[in-house]
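Thanks, everyone, for making time this morning.

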Amino acid sequence: MSIDWLSAYLIYALFTVAGTVGLAQLLHLQMGLAGIGNFGIVGFFGLGMYAWGVFQVRIPWPDALGDWGSFFLSLVMAVIVSGLAGLLIGWVIADLEGDGVLVGTLGFATIMYSLALSEKRWTGGAEGMAVPDPLRTFNWGVKPMSLFWLGVMILLVVGITYYVARVHRSPYGRLLIAVGQNEPLARSLGKPTFRTKLILFALGSAGMGLVGAVFGVMNHFIRPTEIGIEVTLAAMVGLVMGGSARVWGAIVGVLLTAGLFDIVVQIYLPLPDSWYQITLPVVREIVFGAMLILVLLWRPLGVLGDMRRDKLVERLGSG
Amino acid sequence: MSLDIDRTDEAPVPPLGKRVQELLETRPGRIGVWVAALGALALVVAFWSLARKALIFGLAEEAPLALAAVGFALLYRLTGIINVAYAETVTLGAYFGMWFNTTFGWNFYLSLIPAALGAGVLSVITYFAFFRPAHNRNVGVVEMIILSFGLSIVLRYGLQLIFGHEQRYFKVPFQNPIRILGLGVPPFRVTALAGVVAGALILYWFIQKTRLGIQIRALAGDEKLAQVSGINPMAVTVLIWFIAGVAGGAAGAFYGVGASVRPLLGWSKFLYILLAVLVGGARGLRGVIVAGLGMGVLLSGLTLAIKGQGLYSEILVVLLFIIILKLRRNRMSEAAKV
């Protein structure tokens with residue numbers, strides 16, 4: 001089967017869109033349901049990416065493990081490290097108001113960025129570090145390897161979406177919504193609101209770390225420029241666009257924002273070549289920021305509005 | 001007349017351990033403040049050569065932080081809005097000042113006026129264009145932060161699109177450094193510090209003592225009651241946004257002349273502004289000024305102590321302030337439960 005029609009850029013764009021859907025879906029649990037405005041998504045994403053890279057490259061794994069053994073162990077460590085960071089940050093912010101949550105999560109992302117720059121011995125500093133791809137022993141060539149990781153990312157996102165759909169139908173989901181809508185009421189009914197938020201935040205952060213680690217594997221290179229505020233913005237605008245309280249919101253929203261811009265505009269629109277390097281990335285952020293404002297002012301429930309609201313939310317509203 | 005006084009009703013003197021414990025429990029705030037002040041004084045005396053540099057450089061370089069924090073605190077306390085786009089008010093103040101300074105050849109002090117006024121007008125425009133409609137549509141607290149985050153992104157990348165990434169500079173003649181405590185400090189930094197102190201005092205007096213200040217505080221307390229009392233909420237709200245913008249714009253111009261003007265100028269300071277406001281804000285505007293100046297001194301002191309590793313000092317300061325925030329909130333929530 002020939003895959004010549006697939007350009008390397010298209011695969012990469014699809015991969016980015018899939019990863020953004022994953023982040024937006026996890027943000028949906030934290031912000032859409034439990035009401036924790038996480039502005040440090042990129043911090044957990046970056047921590048997962050760097051933790052995987054550092055464990056993979058800097059730890060002298062025994063040869064007996066082979067490429068795949070060390071790869072999986074590093075991946076597990078990356079998830080554990082980001083989950084622990086999520087536990088710590090969650091403990092700091094779980095009983096704070098919106099302002100405290102903003103400063104805690106934003107501060108975490110800033111600290112991660114600074115550490116990526118300053119710890120040259122581990123992270124390679126501003127130049128970044130090259131990381132090995134465990135697929136290299138198969139001699140597949142670059143494009144099939146990228147396709148493989150695209151498949152892995154899509155599987156991961158499908159898994160996260162399945163989990164989110166299950167949460168929506170479970171008592172746990174109702175607890176999350178109760179905590180997000182009226183925390184004092186939920187606490188007065190005997191629900192452990194602090195513990196609920198803490199565990200949810202840690203699990204979401206671990207998931208973001210896993211998405212980040214897979215990003216690092218696919219890129220073959222880990223740099224501080226990969227963990228800028230753009231990652232947080234893309235996930236947030238996607239979620240808000242699609243509606244932050246529904247299961248399919250993150251998917252619809254990210255397809256309408258990152259999907260439309262990174263794939264349709266950048267590949268199929270006839271734009272002058274000189275725009276691609278400098279102008280387009282800046283225009284992308286301006287468009288995303290403007291979308292965030294417009295959607296929140298005119299369609300606060302997302303582009304889908306209140307069309308076919310989730311059954312759970314309807315039931316809570318009528319009951 | 002008997003000298004025999006019945007002492008059975010009087011409470012016996014408790015043992016020393018209990019008295020100390022009571023003292024600690026009943027006046028935690030004051031004791032904590034004294035211990036912290038004595039500790040700080042001891043540190044300054046013990047490391048005088050380092051502390052001298054930290055005080056001078058920190059106050060001189062980061063004085064605009066206190067001014068910007070006062071503007072942000074006004075906006076936050078009086079309208080309840082956490083405006084992430086305030087970072088771009090600071091940036092735009094620097095750009096307005098630089099524009100008048102380089103294009104029209106205005107003196108730096110003269111170009112402070114268009115910088116402050118321009119940022120103030122811009123702040124009012126963002127209120128009418130985005131925050132007022134959002135308030136009228138009952139946008140929630142977290143959603144309001146996201147909205148201002150979007151506005152901040154649009155303004156910041158808009159500036160990048162127009163002016164590019166490169167750093168620009170004010171055109172100011174070279175001036176001989178002023179010597180304070182044996183260290184040379186550029187005169188602009190000294191004026192910045194003086195301007196910040198003066199501006200903050202004027203703002204404090206304005207909010208606490210004048211009739212308009214009373215109206216502003218009344219509106220923040222209870223909007224309906226203020227309206228019944230004949231206060232025009234619109235005019236007063238516009239005034240708050242304008243003053244906040246003026247403070248941010250002036251801070252931006254001082255930052256710009258101290259280093260360089262670039263699209264990320266305000267955003268790179270936003271986290272510190274937010275931390276200073278949240279940590280100092282519980283004690284009013286005075287607390288915000290102290291927290292802002294203290295943060296500047298701490299930043300430069302740690303940078304000097306860790307031998308030029310600016311990144312570590314930033315990490316440590318952010319961590320320290322978040323820990324303070326967490327500890328104080330814990331105590332507050334304990335009190336709120338009662």
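Before I describe the fold, I need one definition, which is that two residues are in contact if their C-beta atoms, placed from the backbone, lie within 7 Å. Please also keep in mind that this is a predicted model.

Let me begin with chain A, where, among contacts between residues at least 6 apart in sequence, 80% join residues at least 24 apart. Chain A is built from 13 helices and 2 strands, and its radius of gyration is 20 Å, close to the 20 Å that the globule rule gives for 319 residues, so chain A is as compact as a globular protein of that length. Its C-alpha trace spans about 60 × 50 × 35 Å along the principal axes, and buried residues account for 49% of the 319 residues.

Now to the place where the chains meet: 35 residues of chain B are in contact with 33 residues of chain A. On the chain B side, α5, α6, α11 and α13 each supply at least two residues, and α6(B) gives the most, with 14 residues. By class, that side of chain B has 25 nonpolar, 5 polar and 5 charged residues.

Finally, a helix pair within chain B: the axes of α4(B), residues 86-103, and α5(B), residues 108-136, come within 8 Å and cross at roughly 140 degrees, which makes α4(B) oblique to α5(B). Their crossing is right-handed, and the residues making the contact include B:Phe96 and B:Phe100 of α4(B) and B:Ala115 and B:Leu122 of α5(B). By class, this contact has 10 nonpolar, 7 polar and no charged residues.

Notes. Residues are numbered from 1 along each chain as its sequence is written. Chains are lettered from A and ligands numbered from 1 in the order in which they are written. This is a predicted model: local features need pLDDT of at least 70, side-chain atom pairs count only at pLDDT 80 or more; totals for chains, interfaces and linings use all residues. Axes are lines fitted to C-alpha atoms, for helices over the stretch in contact, and angles run from 0 to 180 degrees between N-to-C directions. Helices (H or I, at least four residues) and strands (E, at least two) are DSSP runs, numbered from the N terminus. Angles under 35 degrees count as roughly parallel, over 145 as roughly antiparallel, 65 to 115 as roughly perpendicular and the rest as oblique. A crossing is left-handed if the near helix is turned anticlockwise from the far one by less than a right angle, and right-handed if clockwise. Ala, Val, Leu, Ile, Met, Phe, Trp, Tyr, Cys and Pro count as nonpolar, Asp, Glu, Lys and Arg as charged, and the others, Gly among them, as polar. The radius of gyration is taken over C-alpha atoms; the globule rule is 2.2 Å times the number of residues to the power 0.38. A residue is buried if 20 or more other C-beta atoms lie within 10 Å of its own, exposed if 12 or fewer, and partly exposed in between; C-beta atoms are placed from the backbone.
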